[in-house]
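Take a walk through this protein model.

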Amino acid sequence: LVGEIQKLPDTLEEILKCAPTLKQLAERYVYLEHAYFIGRNLDYAVAMEASLKLKEISYIHSEAYAAGELKHGTISLIEEGTLVVALCTYAPLFDKAVSNIVEVQARGADVIALTTEGRRRQMGKTVENVLTVPDTHLILQPSLGVIPLQLFAYYVALQRGCDIDKPRNLAKSVTVE
């Protein structure tokens, strides 16, 4: 684990090389009204952060949902052209996450999937837009997965002409209770 932590700076540099792809995806989705992020286990935590970032700086309505709970109402929000960003880096639940992707695609969702390099080919059989992060220790995977999703939010906000450094109605620190 210590060895994997020591490799993180180089690994993060590698992830940043996907910026041109993220910029292209942002151009495609710049006029979104809604976006949904889904994930299981640790991927759900990353989905919540990614959704929040997109919402905060681009002003697009965005929500994160536990992928295992899709059938409890969330699936009813998915219609033709809805963007669903599916996180699939948590190896023990990869097959179930892919099953969730198939469910939203069947309802017309446009899916961007985030997975690990080791699962790129497998994910590519299901999803056209696949983003990857290097394989690492399971507990460190969220630290890597959040980077491309934050960059995606950044590029969407930039394309929309939003002031990324000064998001409206957000304070950098809380001064009153």
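**From the surface to the core and back**

Leu-1, Ile-5 and Ile-139 make a nonpolar surface patch of about 290 Å². Ile-139 sits in the loop between E5 and H6. Keep in mind that this is a predicted model.

Now go inside. The largest nonpolar core has 36 residues. Within this core, Phe-37, Leu-83, Leu-87, Ile-112 and Phe-152 touch the most other members. Four helices each supply at least two residues: H1 (2-16), H2 (19-29), H3 (42-58) and H6 (141-159). The strands E1 (34-39), E3 (83-88), E4 (110-116) and E5 (129-133) each supply at least two residues as well. H6 gives the largest share, nine residues.

Look at Leu-87 in detail.

Next, the charged side chains. The whole structure holds eight salt bridges. Three of the pairs can be followed here.

Start with Lys-7 and Glu-4. Their closest N and O atoms are 2.9 Å apart. How many residues apart are Lys-7 and Glu-4 in helix H1? They are three residues apart, so about one helical turn separates them. Lys-7 is partly exposed, with a relative accessible area of 44%. Glu-4 is partly exposed too, at 22%.

Move on to Lys-17 and Glu-14. Their side chains meet in a salt bridge at 3.3 Å, N to O. Is Lys-17 buried or exposed? Lys-17 counts as exposed because its relative accessible area is 59%, and the cut-off for exposed is over 50%. Glu-14, at 43%, is partly exposed.

Lys-53 is partly exposed, with a relative accessible area of 23%. Glu-49 is partly exposed at 28%. This pair also belongs to a network of salt bridges, which links Glu-49, Lys-53 and Glu-56.

Methods. Residues are numbered from 1 along each chain as its sequence is written. This is a predicted model: local features need pLDDT of at least 70, side-chain atom pairs count only at pLDDT 80 or more; totals for chains, interfaces and linings use all residues. Side-chain values use heavy atoms; hydrogens and water are left out. A nonpolar core is a set of buried Ala, Val, Leu, Ile, Met, Phe, Trp, Tyr and Cys residues joined through side-chain atoms within 4.5 Å. Buried means under 20% relative accessible area, exposed over 50%, partly exposed in between (1.4 Å probe, protein chains only). Patches are made of residues with over 30% relative accessible area and no salt bridge: like charges are joined within 9 Å, nonpolar side chains (Val, Leu, Ile, Met, Phe, Trp, Tyr) within 5 Å. Accessible areas come from the Shrake-Rupley method with a 1.4 Å probe; for residues, only the protein chains shown count as cover. A salt bridge is a side-chain nitrogen of Lys or Arg within 4 Å of a carboxyl oxygen of Asp or Glu.
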